[in-house]
Amino acid sequence: MASMRMLRPAGHLANRAAGRWVLDALLALLAGALWVPVLYNYNKEHTATHSPPGMGMFAVLALIVAPLVVRRIWPIAVFGVMLAATIGAALWDSGLVDVLALLIALYTVAALRSRRAALVCAGLLEIAMIVGLVLTADRQWWQDAITYTGLVAAALGLGLYSAARRAYLAELHDRADRLERERDQQGALAAAAERARIAREMHDVTAHHLTVMVTLSEAAAAASASSPDRAAEVMRAVAATGRRALADTRRLLGVLRQRPGQDPAAALAPVPDLARLDALIAEVRSAGLPTTLEVHGQAPDVPAGVQLTVYRLVQEALTNTLKHGGTGARATVRLRYLPGELRVDIDDDGAGATAPAPAGVGGGLIGMRERIGAYGGQVRAGPRQPGGWNVSARLRLDGGEAG
């Protein structure tokens, strides 16, 4: 079975480029043409009439070198045919031993087939040359044997080097393909993560601003008959909230429209941080939810990502209170800085909305848990006694995990 695999073609005739056919044909002609002067000299030295070689010898020489045209398709078969034809021709006339053609065939086997097959072919060629020299040469045959052995070793070495280089280049190409595929996969994962981040940001921004706008609009509608001035003031607050919502939306989507080489600062507004909590609390108060902010402890250097996470957590919790807290609800936001840890609590005393929550809600809580979990923290949300709702979170500020 192994010998049958070695005799399989190394390529397909239909897939070969015309240039390769031309190159191999020219190589076969060159191998035959370079041996013609050797054939002339041999006839002059070994024939009584010193006559030039006849057409029959040229025909046999052409038949010996002709298989080189398909040497890349059947390397081992070509070598075997050429070696057998050379041995048969040498029995008729020893001048028909075209050593150059045999060396080319051996090189092709070493370059395209396994090392074991190359060594076997080199051994057969070496044995055939030694036997031929012993039978036809004089007492100094060993000098020619050394020369021919060197030529066989050179052809074998060049072929093995070509095979090793081809395997090395193939490995480089394969590695480059794998790296390209991995880069594409990493890019796809990064794009998916960025889409998820933008989706969370869009939910937090639009849900908060729309809730404030709905609450203010309802208040303006209720006050429009009794207090037109108050209703006009509230509607101006609705317009200001809508503009902030548009600005935040444009900031989030600006990264998708950013051109290569464009300054990111020109397209993106500052990311919300803890310093903007006061403005957030004031916005919620203007929507009709009395809210207080308490900060305990000395604030350390909090990473920007943690600041954004805390801001979105407070924003989401207050938005839910606006939606579901009911009339007369109050809220309190507490930030407590402990050694290596930040604790956030958002409490309200609302009675809860009278209408049932629509199907599909709850994505905000999932988003809060994802945000807090990304920084090794924990978040809990649930009812509090005697009434109301509590959202609490713990975030590590030293890179560890929340206990």
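Student: Let's begin with strand β3: how many of its eight residues are buried?

Tutor: Bear in mind as we go that this is a predicted model. Strand β3 covers residues 341-348, and seven of its eight residues are buried, so the strand is mostly covered.

Student: And how does β2 run relative to β3, parallel or antiparallel?

Tutor: Strand β2, residues 331-338, runs antiparallel to β3, and eight bridges join the two. To find your place in that pairing, look for A331, which stands opposite D348 in β3.

Student: What happens at the turn, how many residues sit between the strands of that hairpin?

Tutor: Two residues lie between β2 and β3 in the hairpin, and G340 takes a positive phi there, near 75 degrees.

Student: Which residue in β5 is the bridge partner of E341?

Tutor: That partner is R396. Strand β5, residues 389-396, pairs with β3 in the antiparallel sense, over eight bridges.

Student: Okay, zooming out, how many helices and strands does the chain have?

Tutor: There are 12 helices and five strands in the chain. Of its 403 residues, 34% count as buried, and the accessible surface comes to about 23200 Å², with 62% of that belonging to carbon and sulfur atoms.

Student: Of the contacts between residues at least 6 apart in sequence, what share joins residues at least 24 apart?

Tutor: The share is 69%.

Student: Now the inside: how many residues does the largest nonpolar core have?

Tutor: That core has 37 residues, and those with the most contacts inside it are V310, L313, V314, L318, L335, V344 and I346. Several elements give two or more residues to this core, including α7, α8, α10 and α12 among the helices, as well as the strands β2, β3 and β5. The largest share, eight residues, comes from α11. As a general point, nonpolar side chains in soluble globular proteins tend to be buried together.

Student: Which residues does V310 touch, leaving out those up to four places away in sequence?

Tutor: V310 touches L274, L335, L342, V344 and L395. There is also a second, separate core of 29 residues, which includes A101, L106, A110 and A118.

Student: Back to α11, why call it largely enclosed?

Tutor: Helix α11 is largely enclosed by the rest of the structure because 16 of its 21 residues are buried. Its length also agrees with expectation, since 21 residues at 1.5 Å a residue should span 30 Å, and the end C-alpha atoms are 30 Å apart. After α11 comes G326, whose phi is positive, near 85 degrees.

Student: Last one: where is A153 found, and why does it count as partly exposed?

Tutor: A153 is found in helix α7, residues 141-223. It counts as partly exposed because its relative accessibility is 47%, and that class lies between under 20% for buried and over 50% for exposed. The C-alpha atoms of A153 and E126 are separated by 9.4 Å, although the two residues are 27 apart along the chain.

Conventions:
Residues are numbered from 1 along each chain as its sequence is written. This is a predicted model: local features need pLDDT of at least 70, side-chain atom pairs count only at pLDDT 80 or more; totals for chains, interfaces and linings use all residues. Side-chain values use heavy atoms; hydrogens and water are left out. Buried means under 20% relative accessible area, exposed over 50%, partly exposed in between (1.4 Å probe, protein chains only). Helices (H or I, at least four residues) and strands (E, at least two) are DSSP runs, numbered from the N terminus. Two strands pair if DSSP finds at least two bridges between them. Contact means heavy atoms within 4.5 Å. Accessible areas come from the Shrake-Rupley method with a 1.4 Å probe; for residues, only the protein chains shown count as cover. A nonpolar core is a set of buried Ala, Val, Leu, Ile, Met, Phe, Trp, Tyr and Cys residues joined through side-chain atoms within 4.5 Å. The expected span of a helix is 1.5 Å times one less than its number of residues.
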